[in-house]
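This report describes the two chains in turn and then the contact between them. Please read it alongside the sequence and the coordinates.

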Amino acid sequence: MIWENIHLALKAMVASKMRTLLSLLGIVIGVGSVIAILTLGQSATKSITQTIVEGGLETITIFPDRSDPKVGEFDEEFTDVLKKNVDDIETVLPVNSSSALVRVEQESSNATVSGVVSSYAAVLDYEVAEGEFFTLADNLSSRQVAVLGSEVAAELFPNQSAVGRYISIFRNQAKSYLVIAVMEEKDANFNLQYNASVYIPYNTYTDRFVKPTFVGSYVIRVADGADALAVSDNVSTYLDSTVGTDAYRIFSPASLAEMATSITGTLSSFLAAIAAISLLVGGIGIMNIMLVSVAERTKEIGVRKALGASPRVIMGQFITEAMVLTLTGGLLGIVLGVSISYIVARAVEWQLFISYTSFLLAAGFSTLVGVFFGWYPAYKASKLDPIEALNYE
Amino acid sequence: MKPVIELEDVRRYYTMGEIIVKALDGVTLTISRGDFVSITGPSGSGKSTLMNLIGCLDTPTDGYIHIDGEMTLGMDEKDLAYVRNQKVGFVFQQFNLLAKMSALDNVATPLLYTGVPYRERREIAMSALKKVGLADRMKHRPNELSGGQKQRVAIARSLVNNPSILLADEPTGALDTHTGAQILELFEELHSEGRTVVLVTHDTDIARHAKRQIHVRDGRIGEAG
């Protein structure tokens, strides 16, 4: 019986192609947009995560909160404390940064001036383009030397080499620093803006530049092969138990990737839910066309009843017809959604990630729409009086 | 032998606003198995109401109707559908074939509602079409058939469930005299094979083909011939 009903439904659809197509449009667009949103949402997540992963997952940065009373805990010894108490940490680098005006003759630039230790570049795989990064000795003797990020170097010394020249850094008063190296370009890593920075020895920063009461941030290099996300969690747990949850913020590319996934996931679910409303509108279109179909086929219903079709059988026939209709709409919608996703993904250069679960969901949901909105017309058909239906012209 | 159709003081009243229309007002009638009966009467006589009641398309307001042992009083639509499917073979004036289906599928439709499997349905429908002389028209749709052929398809359809009664409502009404005569011959042939045929018509010439003639007037019946 089910097969016969499907067969009848397909016949009825083919008999009036244009009408079928128009009445299906709501479902097609609804399903199409849901599929496109879910597919693109997932593709976006994948692309963002990939970008983050490529930037390097191995660093974690801790920013103490200046306003917290416990901020005094974050001193230079804290680097060793952290290393001792949390597993899988290779190095902890203290960093102090502030923004300052950097000037050479008439050229000036706003840059982030960071006081870092001599191992900073090596630990973060940050390559020197020209010259040499400052040494432990430079740091211990608080020499007034500077290493320029690629952007700063290009801005201040557009036509010549920066190494061997002097720059002035203004912070309350101008101080002069010898440029000893220029770094290679390195992609920003969400928490570390490499290229727009000027690096000076850590002790120089504290002695000559500004005297901080605590360390501005700690950059942690995770041991090779360790799970950055797990280390990040362990650091958080440790800090929570020692200085409290409010005294710091922690950033790791791994946790950022996780956050990005969750944000795009929530966003695309939300958008898909809105798009699903158009399925409701499409369902009303289906109800309308089914009512028309029942009215047009009153005579046929009468004949079928005279031949022994029970109300249930008639109901089944029309519900099946509605379901076949909406399922067809759903399948066309999937095709539409995938096509849109493909075009958009190509345009913005995302890697297309097709979710087959969403196909099943869309097909199932559109069939459900058919049952729901086909029910009333089918019920009406099943309740027709056989004599009146037979005499209907 | 138990009669195949039994009506006992059957009344069918309709209310139209405040007025009660007594379409049938106390009809008692028995039709025995294998009989060939005509029911005649002018329009508005209650002829159609009587036919609908015998065909189980309707139930009486009062009185008892037995169709091959089934009492239809108080039956719901589902049970009535079952009786129609099993006990009654309908033949209509306008053929009432399903336009989008082949002759074979049309004939097989009642079997679908009986729950007969596909292959068997086709076999039964094929032999029914052979019986009415349309073995070569199985794949044709109704619009590719002549009036006489359509009515033969309809008769084949009425036979597939081997019903207790063939109920024909003006079966020649849409046909020319010659074709109509052939259809009547077919009914006579079916009658001679032992089937119970009830022929509803307004035409007394056609009614004369039947062995027994029942006349309906003002909601009551009388016999003639």
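In this predicted model, chain B contains 7 helices and 10 strands. Its radius of gyration is 17 Å, close to the 17 Å that the globule rule gives for 225 residues, so chain B is as compact as a globular protein of that length. The C-alpha trace of chain B extends over about 50 × 40 × 35 Å along its principal axes.

The secondary structure of chain A amounts to 13 helices and 10 strands. The table sets out the overall dimensions of each chain.

| Chain | Radius of gyration | Span of the C-alpha trace along the principal axes |
|---|---|---|
| chain B | 17 Å | about 50 × 40 × 35 Å |

Just after helix 11 of chain A comes A:E349, which takes a positive phi of about 60°.

Over all chains, the structure holds 22 salt bridges. One of them is formed by A:R19 and A:E296, whose closest N and O atoms are 2.9 Å apart. Because A:R19 lies in helix 2 (residues 17-55) of chain A and A:E296 in helix 9 (residues 253-296) of chain A, the pair ties together parts that are 277 residues apart in sequence.

How is the contact between the two chains made up? Chain B contributes 23 residues and chain A contributes 20 residues, and together the two chains bury about 2000 Å², 68% of it on carbon and sulfur atoms. Across the interface of chain B and chain A there are 5 residue pairs in polar contact, counting pairs with both residues at pLDDT 80 or more. On the side of chain B that touches chain A, the elements that give two or more residues are helix 2 (77-87), helix 3 (103-114) and helix 4 (118-131) of chain B. The residues of that side of chain B divide into 10 nonpolar, 4 polar and 9 charged.

Side chains of opposite charge can pair when their charged atoms come close. Between chain B and chain A the count is 1 salt bridge, and the side chains of A:E4 and B:R121 meet in a salt bridge with an N to O distance of 2.2 Å.

Methods: Residues are numbered from 1 along each chain as its sequence is written. Chains are lettered from A and ligands numbered from 1 in the order in which they are written. This is a predicted model: local features need pLDDT of at least 70, side-chain atom pairs count only at pLDDT 80 or more; totals for chains, interfaces and linings use all residues. Side-chain values use heavy atoms; hydrogens and water are left out. Contact means heavy atoms within 4.5 Å. Buried area is the accessible area (1.4 Å probe) that two parts lose on being put together, summed over both. A salt bridge is a side-chain nitrogen of Lys or Arg within 4 Å of a carboxyl oxygen of Asp or Glu. A polar contact is a pair of N or O atoms within 3.5 Å; within protein, one must be able to donate a hydrogen and the other to accept it, and residues adjacent in sequence count only if both atoms are side-chain atoms. Helices (H or I, at least four residues) and strands (E, at least two) are DSSP runs, numbered from the N terminus. Ala, Val, Leu, Ile, Met, Phe, Trp, Tyr, Cys and Pro count as nonpolar, Asp, Glu, Lys and Arg as charged, and the others, Gly among them, as polar. The radius of gyration is taken over C-alpha atoms; the globule rule is 2.2 Å times the number of residues to the power 0.38.
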